[in-house]
Amino acid sequence: MAKLKLKFRDISRMTKKYPYTRHLPRTQLVSDKEFEMEIVSASVSSAVEHVVTWETQFGGIPNVTVSIAMTSGATAMENDMANVNVWVKQATATNCTIAFSDDFTGHINIQAIRFT
């Protein structure tokens, strides 16, 4: 399993700071490896399978995670949809096929990451 280490770094750490002025940190996220990442939120309507196409093609097959997104004001029918299992059936560099255990209507969140 690959790991990625992220740190917050102050962009202005090398600039002169005068003691009588307030310094607000300007941070950026720095990683120890290069990676490609895409996050997608999709709506599905009465489907057993759903195909998601990536905006940009990955350099190889990414690691994909998918989950069902429930809203705070969900109706009784939407709460029943929470009893549906979701999994990644196939993942390629250009798209991903997501499968459901029953007909599903609702929103899903997909995260794909690939370390280079």
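Two strands are taken to pair if DSSP finds at least two bridges between them. Strands (E, at least two residues) and helices (H or I, at least four) are DSSP runs, numbered from the N terminus. The model is predicted, so local features need pLDDT of at least 70 and side-chain atom pairs count only at pLDDT 80 or more, while totals for chains, interfaces and linings use all residues. Residues are numbered from 1 along each chain as its sequence is written, and side-chain values use heavy atoms, with hydrogens and water left out.

Strand S6 is paired with S3 in antiparallel fashion through 16 bridges. In this pairing, Ser43 is opposite His107 of S6. S4 and S6 are also antiparallel and are joined by seven bridges; here Val64 faces Ala112 of S6. A further antiparallel pairing, of five bridges, links S6 to strand S5 (residues 86-91), with Gln90 opposite Thr97. S5 and S6 are connected by a hairpin of three residues.

The nonpolar core was examined next. A nonpolar core is a set of buried Ala, Val, Leu, Ile, Met, Phe, Trp, Tyr and Cys residues joined through side-chain atoms within 4.5 Å. Buried means under 20% relative accessible area, exposed means over 50%, and partly exposed lies in between (1.4 Å probe, protein chains only). The largest such core has 18 residues, of which Trp54, Ile98, Phe100, Ile108 and Ile110 touch the most other members. At least two residues of this core come from each of strands S3 (35-53), S4 (63-69) and S6 (95-115). S6 gives the largest share, seven residues. In soluble globular proteins, nonpolar side chains tend to be buried together. Contacts (heavy atoms within 4.5 Å) of Ile110, apart from neighbours within four places in sequence, include Val40, Val52, Trp54, Val64 and Ile98.

Two aromatic pairs are found in the structure. The ring centres of Trp54 and Phe58 lie 5.6 Å apart with the planes at 90°, so this pair is edge-to-face. The second pair, Phe100 with Phe104, is stacked, at 4.9 Å between centres and 20° between planes. Rings of Phe, Tyr and Trp (its six-membered ring) pair if their centres lie within 6.5 Å; planes under 30 degrees apart count as stacked, over 60 as edge-to-face and the rest as tilted. Trp54 and Phe58 are both buried, and Phe100 and Phe104 are buried as well.

Lys33 lies over the face of Phe115, 5.7 Å from the ring centre. A charge sits over a ring if NZ of Lys or CZ of Arg is within 6 Å of the ring centre and within 35 degrees of the ring normal.
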